[in-house]
Amino acid sequence: MKVKMKVQAIALDPVSNSPVMLLKEEEGERTLPIWIGLLEATAIATRLENIQFSRPMTHDLLINILEHLGIKIPRIEVCDLRDNTYYALITLDIDGREVQIDARPSDAVAIALRTDAEIWVHEQVFEKSQALEEAAKTEAQQETAEQDQDKDKLKELLEKLDPSAISKYKM
């Protein structure tokens with residue numbers, strides 16, 4: 001099953017300082033965050049903001065070539081998540097014959113925005129993303145618990161420390 005999406009925003013992750021592309025269900029509440037590169041974020045953001053350049057950027061050049069050849073792009077699909085990497089397919093319509101091309105989701109979305117292609121996400125990507133998010137939360141909770149244990153050990157050590165032992169050393 002696939003879910004139709006739209007680009008909600010390009011944001012900056014405050015922890016990693018990396019751009020994040022936020023895809024949102026058109027008829028639902030789920031959002032899919034995908035961390036992307038700075039150049040891809042720029043390509044998407046400039047299209048979202050309708051910024052025009054005097055010369056074609058890479059995605060625009062590709063669209064110009066495809067249009068010149070009569071090739072249409074009806075849709076892109078974010079189709080998988082493996083080893084923390086998202087995968088996408090760009091569907092080309094070549095004289096009524098569909099061909100799917102492997103792509104990074106950020107490039108596929110940048111192209112979709114320029115061609116008014118539909119953006120779809122496979123249901124399994126949501127499931128894998130949620131599992132990945134839960135694993136990250138669990139890991140963060142474990143790290144916090146370990147840090148709390150370390151703080152407790154340090155506090156205990158300092159409480160047991162004999163103040164007269166400190167005065168033996170001069171700074």
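Visitor: How many of the eleven residues of helix 3 are buried?

Guide: Ten of them. So helix 3 is largely enclosed by the rest of the structure. Keep in mind that this is a predicted model.

Visitor: Which residues are the buried ones in helix 3?

Guide: They are P105, S106, D107, A108, V109, A110, I111, A112, L113 and R114.

Visitor: What follows helix 3?

Guide: D116, a residue with a positive phi, near 60°. D116 sits in the loop between helix 3 and strand 7 (118-122).

Visitor: Is D116 buried or exposed?

Guide: D116 counts as exposed, at 72% relative accessibility.

Visitor: Let's step back. How many helices and strands are in the chain?

Guide: Five helices and seven strands. Along the sequence, the pattern reads β-β-β-α-α-β-β-β-α-β-α-α.

Visitor: What do the seven strands form?

Guide: They form an open sheet. The strand order is 3-2-1-7-4-5-6, and the pairing is mixed.

Visitor: Which strands stand at the edges?

Guide: Strand 3 (31-35) and strand 6 (97-103). Each has a single partner strand, so one side of each is left without a neighbour in the sheet. From one strand to the next, the twist averages 35°.

Visitor: What holds paired strands together in general?

Guide: Strands of a sheet pair through backbone hydrogen bonds, either parallel or antiparallel.

Visitor: In which sense do strand 4 and strand 5 pair?

Guide: Antiparallel, over nine bridges. Strand 4 covers residues 71-82 and strand 5 covers residues 85-94.

Visitor: Where does helix 1 lie?

Guide: Helix 1 lies across strand 1 (2-12) and strand 2 (19-25). Helix 1 runs at about 105° to strand 1.

Visitor: New topic, salt bridges. What is the count?

Guide: Eleven salt bridges. In general, side chains of opposite charge can pair when their charged atoms come close.

Visitor: What does K2 pair with?

Guide: K2 forms a salt bridge with E77. Their closest N and O atoms are 3.4 Å apart. The pair links distant parts of the chain, since K2 is in strand 1 and E77 is in strand 4, 75 residues apart.

Visitor: What else meets E77 in a salt bridge?

Guide: The side chain of R75, at 3.1 Å, N to O. There is also a network of salt bridges, linking K2, R75, E77 and E98.

Visitor: And what does E40 pair with?

Guide: E40 forms a salt bridge with R104, with the closest N and O atoms 2.7 Å apart. E40 lies in helix 1 and R104 in the loop between strand 6 and helix 3 (105-115), so the pair ties together parts that are 64 residues apart in sequence.

Visitor: How accessible are E40 and R104?

Guide: E40 is buried, with a relative accessible area of 12%. R104 counts as partly exposed, at 46%.

Visitor: Where is I51?

Guide: I51 is in the loop between helix 1 (38-48) and helix 2 (58-68). I51 is partly exposed, with a relative accessible area of 43%.

Visitor: What is the accessible surface of the chain?

Guide: About 11,900 Å². Of that, 53% belongs to carbon and sulfur atoms.

Visitor: And what share of the residues is buried?

Guide: Buried residues make up 32% of the 171 residues in the chain.

Visitor: Last one. How many contacts join residues at least 24 apart?

Guide: Among contacts between residues at least 6 apart in sequence, 48% do.

Notes
Residues numbered from 1 in each chain as written. Predicted model: local features only at pLDDT ≥ 70, side-chain atom pairs only at ≥ 80, totals over all residues. Heavy atoms only, no water. Helix = DSSP H or I, 4+ residues; strand = E, 2+ residues; numbered from the N terminus. Buried < 20%, exposed > 50% of the residue type's maximum accessible area, 1.4 Å probe, protein only. Pairing = 2+ DSSP bridges. Axes fitted to C-alpha atoms, helices over the stretch in contact; angles between N-to-C directions. Contact = heavy atoms within 4.5 Å. Salt bridge = Lys/Arg side-chain N within 4 Å of Asp/Glu carboxyl O. Areas by Shrake-Rupley, 256 points an atom, 1.4 Å probe, with all protein chains shown as cover.
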